[in-house]
Amino acid sequence: MTVVAMQVNGKQVSADVEPRTLLVHFIRENLQLTGTHVGCDTSQCGACVVHVDGKAVKSCTILAVQAAGAKVRTIEGLADGDRLHPLQAAFKEHHGLQCGFCTPGMIMTAADMLRRIPKPDETAIRHELEGNFCRCTGYHNIVKAIKAASEVM
Amino acid sequence: MYQFEYHRPKSLDEVTALLARCENPKILAGGMTLLATMKQRLAAPSDLIDLQDIAGMTGISVDAKNVAIGAMTPHHDVATSRDVAGAIPALAFLAGRIGDPLVRHRGTIGGSIANNDPSADYPSACLALGATIVTNVREIAADDYFRGMFETALKENEIITRIIFPIPQRAAYQKFPNPASRYAMVGVFVVKGANGVRVAVTGAGPGVFRMTAMEAALAKNFTSAALEGIAAPAEEMLQDMHASSEYRAALIGVMAKRAVAAMLA
């Protein structure tokens, strides 16, 4: 066991974990932040996307110990109190979710995308979403929601 | 995943000491392949030695002749580097098509080359451009470095520190990605430079290789048409659920022609 400390959604956190603990398990089980999902657990589906030091990554393919000392942001850290983040509002408005399982990862990937590419066209959005799967196949409205959010951000 | 000890050394000297001391250590770069492999219990190192805190292993420098990339530089940094785009646009293009954006934020060039997956993108760039793989103990020419499926010239305790790519006159990379993983079913990197024409193929065979027949044809006549009728031996190509060996062999010609066309455009 080893003590891992990092900043998550602006708060300093720490826990005693095995080195093999994945970041996603640290977030879900130690911190009880269950908005971050485990979908495929093989680094393909993107349901587990969080930001580590400002960059979107798949938290099922990083060890918690690798993120020690980092600043992590999860879906729970996106809204400003009761005010939804523009991406969250756009997903709601444009029906960007059906079952909702992929949504946290989609939104975290989209937030990173819009940081790098503030006004993406549809082709760019689809290319940037290559690491996120929606098994309801609701991609059309997800793309629409991201486009809409980019216009108000 | 099996248990292991985790180390985060601050210097290469500490890394080599750990490599010597640990029973079955593995170096951890971006972890995009290693951690996935460990989760499947296909690898069970006793110790992971994380390179993220070692100074001087990340970053890109470009001079008149070369692009040098630190081994721990993530694919995203190479893909979005203006310096790389200016000197070797095909290299930035290649890096921007590895995996997906989330993988590109973590995966590193050194990790990719050390692993030498037969479908990885970077080995084709190294071989076609005639890169030099720099380690903590020596420099290895790409021609001597890649030894087939997941095999390289690296010794047990050797650590890649950077990769130096000579700047060519022109280059292009074209790949047919596996639509799920984005690994290259076939990727072809074509270079026209001081050392003539070089064509390197990844994804198709049991390791990256050069298509010397294509190189000779292109040296005489640098057009897509010059590649007509030049085929790789299908019986030496890989075969899996995604593509037969004949299909992969055929894709080499298609991707090579597209690369040459892109260089002439």
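Two strands pair if DSSP finds at least two bridges between them. Helices (H or I, at least four residues) and strands (E, at least two) are themselves DSSP runs, numbered from the N terminus. With that said, here is strand E6 of chain B, residues 132-135, which pairs with strand E8, residues 160-166 of chain B, in the antiparallel sense over 4 bridges.

Some housekeeping. This is a predicted model, in which local features need pLDDT of at least 70 and side-chain atom pairs count only at pLDDT 80 or more, while totals for chains, interfaces and linings use all residues. Residues are numbered from 1 along each chain as its sequence is written, and chains are lettered from A and ligands numbered from 1 in the order in which they are written.

Back to E6(B). In E8(B), Ile160(B) is the bridge partner of Thr135(B). E6(B) also pairs with strand E7 of chain B, residues 139-141, again in the antiparallel sense, over 3 bridges. There, Val134(B) stands opposite Glu139(B). The link from E6(B) to E7(B) is a hairpin of 3 residues. Which residues of E6(B) are on the covered face? Ile133(B) and Thr135(B) are, whereas Thr132(B) and Val134(B) make up the uncovered face.

I will need burial from here on. A residue is buried if 20 or more other C-beta atoms lie within 10 Å of its own, exposed if 12 or fewer, and partly exposed in between, with C-beta atoms placed from the backbone.

Next, strand E9 of chain B, residues 170-177. Of its 8 residues, 6 are buried, so E9(B) is largely enclosed by the rest of the structure. E9(B) pairs with strand E10, residues 184-193 of chain B, in the antiparallel sense over 8 bridges. Tyr173(B) stands opposite Phe189(B) of E10(B). The two strands form a hairpin with 6 residues between them, and in the turn Arg182(B) has a positive phi of about 70 degrees.

Phe189(B) comes up again in the core. A nonpolar core here is a set of buried Ala, Val, Leu, Ile, Met, Phe, Trp, Tyr and Cys residues joined through C-beta atoms within 7 Å. The largest one has 128 residues, and those touching the most other members are Leu91(B), Val186(B), Val188(B), Phe189(B), Val190(B), Ile252(B) and Ala256(B). In soluble globular proteins, nonpolar side chains tend to be buried together.

Take Val188(B) from that list. What is Val188(B) in contact with, leaving aside its neighbours within four places in sequence? Contact means that the C-beta atoms of two residues, placed from the backbone, lie within 7 Å. The partners are Gln174(B), Val199(B), Val201(B), Ile252(B), Met255(B), Ala256(B) and Ala259(B).

Now chain A. Chain A has 5 helices and 5 strands, in the sequence order β-β-α-β-β-β-α-α-α-α. Its radius of gyration (taken over C-alpha atoms) is 15 Å, close to the 15 Å that the globule rule gives for 153 residues, so chain A is as compact as a globular protein of that length. The rule is 2.2 Å times the number of residues to the power 0.38. The C-alpha trace spans about 45 × 30 × 25 Å along its principal axes, and 45% of the 153 residues of chain A count as buried.

The contact takes 15 residues from domain 1 and 11 residues from domain 2. On the domain 1 side, strand E3 (49-52) and strand E4 (55-58) of chain A each give two or more residues, and E3(A) has the largest share with 3 residues.

Towards chain B, the contact takes 22 residues from chain A and 19 residues from chain B. E4(A) gives the most to the chain A side, 4 residues.

Last, two loop residues in chain A. Most residues other than glycine have a negative phi, and most peptide bonds are trans. His95(A), not a glycine, has a positive phi of about 55 degrees; this residue sits in the loop between helix H2 (86-93) and helix H3 (103-116) of chain A. Thr137(A) has a positive phi near 60 degrees, and lies in the loop between helix H4 (122-128) and helix H5 (139-152) of chain A. Are they buried or exposed? His95(A) counts as partly exposed, with 13 C-beta neighbours inside 10 Å, and Thr137(A) as exposed, with 9.
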